[in-house]
Amino acid sequence: LDPDFEIFISTHQFDVCINASGNGNVSFSFEDPILDFNANIVAVNTVLFLLSKYQPTCKFIHFSSAAVYGNPVLLPVSEESALQPQSPYGYHKLLSENICKKYFHLYNIPILILRPFSVYGNRLKKQIVWDVCHKMKNHDTIEMFGTGNESRDFIHIDDLLNCIDLLIKNANFCADIINIGNGDEVKIKDLVTLIRNHYPNKEVVFTN
């Protein structure tokens, strides 16, 4: 939260700035909503202000989150789906999108807003794929919250990076909002079953 962005941005010239910073832990946002606010909103505003001051032609890609949709009633989720965040994290990500729109409309910063769904891949050390693998590695009985019928749209980090590359080369950067996912609904119980194939003799219990 305390880097000197001004020295960094004023002394280097960039073609693209990708903002993947901030707090990405939904549970933590309930515990410390002030820190989450500062990490996911104030920092974004600071960087955009400095870009408008020193590098107004630098393209800015902002990582928002599918958390802005909350618990959608209809699937698949589109960019036009209702925005009903259910956590401080979701609300703050939505506010950060509005900050981005402000800098596009008032300061002409070229901006693109991405709403990635559940990203997974090598070296991930949080979220459900890592959590299930960690539990199966260390316990014989694994307790999972929910019924198992909850679903996610998973996208591998390599696919996400490929999307970013394509967008840098082809997008208009007019504060457009783009969902980033595979478009496939995967139930948590199916994910757990797939992982359990690599950890024999493990028992999984879903608790509402």
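A polar contact is a pair of N or O atoms within 3.5 Å, where, within protein, one atom must be able to donate a hydrogen and the other to accept it, and where residues adjacent in sequence count only if both atoms are side-chain atoms. The legends below describe a predicted model, in which local features need pLDDT of at least 70 and side-chain atom pairs count only at pLDDT 80 or more, while totals for chains, interfaces and linings use all residues. Residues are numbered from 1 along each chain as its sequence is written, and side-chain values use heavy atoms, with hydrogens and water left out.

View A. Ser29 belongs to helix H2, residues 26–31 (helices are DSSP runs of H or I with at least four residues, strands are runs of E with at least two, and both are numbered from the N terminus). A polar atom of the Ser29 side chain lies 2.6 Å from the backbone oxygen of Val26, and the side chain of Ser29 also reaches the backbone nitrogen of Tyr89 at 3.1 Å. With a relative accessible area of 0%, Ser29 is buried (buried means under 20% relative accessible area, exposed over 50%, and partly exposed in between, with a 1.4 Å probe and protein chains only). Apart from neighbours within four places in sequence, Ser29 is in contact with Asn23, Asp36, Ser87, Pro88 and Tyr89 (contact means heavy atoms within 4.5 Å).

View B. Pro33 lies in helix H3, which covers residues 33–54, and is partly exposed at a relative accessible area of 36%. When neighbours within four places in sequence are left aside, Pro33 is in contact with Pro88 and His92.

**View C. The aromatic pair of Tyr69 and Phe117.** The structure holds 4 aromatic pairs (rings of Phe, Tyr and Trp, the last by its six-membered ring, pair if their centres lie within 6.5 Å, and planes under 30 degrees apart count as stacked, over 60 as edge-to-face and the rest as tilted). The ring centres of Tyr69 and Phe117 are 6.4 Å apart and their planes stand at 15 degrees, so this pair is stacked. Tyr69 lies in the loop between strand S2 (59–63) and helix H4 (88–107), and Phe117 in the loop between strand S3 (111–116) and strand S4 (118–120), so the pair ties together parts that are 48 residues apart in sequence. Tyr69 is buried, with a relative accessible area of 1%.

**View D. The aromatic pair of Tyr120 and Phe154.** Tyr120 and Phe154 form an edge-to-face pair, at 6.3 Å centre to centre and with 80 degrees between the planes. Tyr120 is in strand S4 and Phe154 in strand S7 (residues 154–156), so parts 34 residues apart in sequence are tied together by the pair. Tyr120 is partly exposed at 31% relative accessibility, whereas Phe154 is buried, with a relative accessible area of 10%.
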